[in-house]
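Try each task before you read its solution.

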Amino acid sequence: MAISSRACIAALGLCAAACAPVDHGLGEAVKYDMALQTIDPDPIYPPGSAEPGTSGTAGAEAAKRYRTGTVKPIEVVNTAKTAAAGSGSDSGPK
């Protein structure tokens with residue numbers, strides 16, 4: 001009994017497809033990347049700062065301060081938790 005070449009090609013195609021790994025997270029890369037880029041989904045902007053949708057005046061003033069060397073000092077935010085009182089551990093350099 002002769003098998004047609006089309007049937008052989010179809011059978012080989014099905015066999016090759018069965019060996020391919022299945023990625024159950026297909027399409028999740030974009031969602032993952034978006035989540036990585038989201039720092040704070042509901043930010044609170046300080047008064048006088050540049051906000052989304054502003055006219056660009058705050059950005060222009062920042063660029064002017066940069067060019068003239070009168071930039072605002074950087075505000076350092078400490079996110080580390082300090083040791084509880086009485087725990088006997090050092091909370092860091094003083």
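The exercises below go from the overall fold to one pair of side chains.

This is a predicted model, where local features need pLDDT of at least 70, side-chain atom pairs count only at pLDDT 80 or more, and totals for chains, interfaces and linings use all residues. Residues are numbered from 1 along each chain as its sequence is written, and side-chain values use heavy atoms, without hydrogens and water.

**Exercise 1.** List the secondary structure elements of the protein in order.

Solution. Start with the rule: helices (H or I, at least four residues) and strands (E, at least two) are DSSP runs, numbered from the N terminus. The protein has three helices and zero strands. From the N terminus, the order reads α-α-α.

**Exercise 2.** Find which helix has the lowest mean pLDDT and which the highest.

Solution. pLDDT is the predictor's confidence in each residue, from 0 to 100. The protein's mean is 74, and 68% of its residues reach 70 or more. Helix H1 (residues 5-19) is lowest, with a mean of 71. Helix H3 (residues 57-68) is highest, at 88.

**Exercise 3.** Locate the salt bridge and describe its two residues.

Solution. A salt bridge needs a side-chain nitrogen of Lys or Arg within 4 Å of a carboxyl oxygen of Asp or Glu. The whole structure holds one. Glu28 and Lys31 form it, at 4.0 Å from N to O. Both lie in helix H2 (residues 28-37), three residues apart, so about one helical turn separates them.

Now check exposure: buried means under 20% relative accessible area, exposed over 50%, partly exposed in between (1.4 Å probe, protein chains only). Glu28 is partly exposed at 41%. Lys31 is exposed at 55%.
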